[in-house]
Amino acid sequence: MKKVYPDAATAMAGLVKDGMTLMAGGFGLCGIPEALIEAVKTSGAKNLTFISNNAGVDGIGLGVLLETRQVKKMISSYVGENKLFAQQYLGGELEIEFNPQGTLAERIRAGGAGIPAFYTKTGYGTLVAEGKETRVFNGENYVMETGLLADVALVHAWMGDHEGNLVFRKTARNFNPMMATAGKITVAQVEHLVPAGQLNPDQIHTPGIFVKRIVHVPNSAKHIEQRTTRKHTSAPAATGGEI
């Protein structure tokens, strides 16, 4: 089956419909499937639920879908860098399901592994546990969390081949690999696309069986979410013969 598509819009054609649930990989602005998110914007689909660690920032990443009011609900861990997100939430325009970050990661991994639910200590006795089943194991309290699945998962990989095998790099290797397993249809944008057989099998993070569509996006932008610098200090000039 031919998996490689010429561009993001073609790769996403016919996949996104109103009311769907999508996953978008990445951490902050690192490893986000930016071209695929833009294709979702172009689709015009509304009332979408997005599962993502965060919502990008204003004008970048999922922030572009907030601008067009295409997102109805976010299932996330951290959204503190997006002012529009806060405005829409406080204004009652956007639903939020907050998760501790590790819990969100495990919910996605569980969904991809076919595990419907699991128990964790994290969040017990807090607002996170409200309305959820709790149990005691070996004298310790746990809260039950359910696995997460999506109609479409959007991921960004550093390298991939024509069969859909993917390799992720550094910070992008967090939510992307697990999301690739948890979508009914997974679409990957890759920075470097190589023929099948060129990847070292021991280095493949996501087997191609999970990936249905691929688009080559070379030279994708590397945004910096928080640019931190320090003042340059020059060494004092030597005086009086001192070294």
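Three elements, α2 (34-43), β9 (150-161) and β11 (183-194), each supply at least two residues to the lining of the largest pocket. Helices here are DSSP runs of H or I with at least four residues, strands are runs of E with at least two, and both are numbered from the N terminus. What you're looking at is a predicted model, where local features need pLDDT of at least 70 and side-chain atom pairs count only at pLDDT 80 or more, while totals for chains, interfaces and linings use all residues. Residues are numbered from 1 along each chain as its sequence is written, and side-chain values use heavy atoms, with hydrogens and water left out.

Back to that pocket. Strand β9 gives the most to its lining, with three residues. The lining has 20 residues, and Cys 30, Gly 31, His 156, Glu 191 and Lys 222 lie nearest the centre. Sorted by class, the lining residues are nine nonpolar, six polar and five charged. Here Ala, Val, Leu, Ile, Met, Phe, Trp, Tyr, Cys and Pro count as nonpolar, Asp, Glu, Lys and Arg as charged, and the others, Gly among them, as polar. The volume of the largest pocket is about 330 Å³.

There is also one cavity of 30 Å³ or more. How do the two terms work? On a 1 Å grid over the protein atoms alone, a cavity is a set of points where a 1.4 Å probe fits but cannot get out; a pocket is an open set with protein on both sides within 12 Å along at least five of seven lines, and lining residues have an atom within 4 Å of a point. The largest cavity has a volume of about 50 Å³, and its lining includes Ala 24, Ile 32, Ser 52 and Leu 62. That lining has five nonpolar, six polar and no charged residues.

Now find two helices, α5 (residues 101-112) and α6 (residues 175-182): their axes come within 7 Å and cross at roughly 35°. Axes are lines fitted to C-alpha atoms, for helices over the stretch in contact, with angles from 0 to 180 degrees between N-to-C directions.

Last stop: strands β7 (residues 134-137) and β8 (residues 140-146) pair in the antiparallel sense over four bridges, where pairing takes at least two DSSP bridges. Thr 134 has Val 143 in β8 as its bridge partner. Two residues sit between the strands of this hairpin, and Asn 138 takes a positive phi near 50°.

Notes. Points joined across faces, edges and corners; volume = space filled by probe spheres on them.
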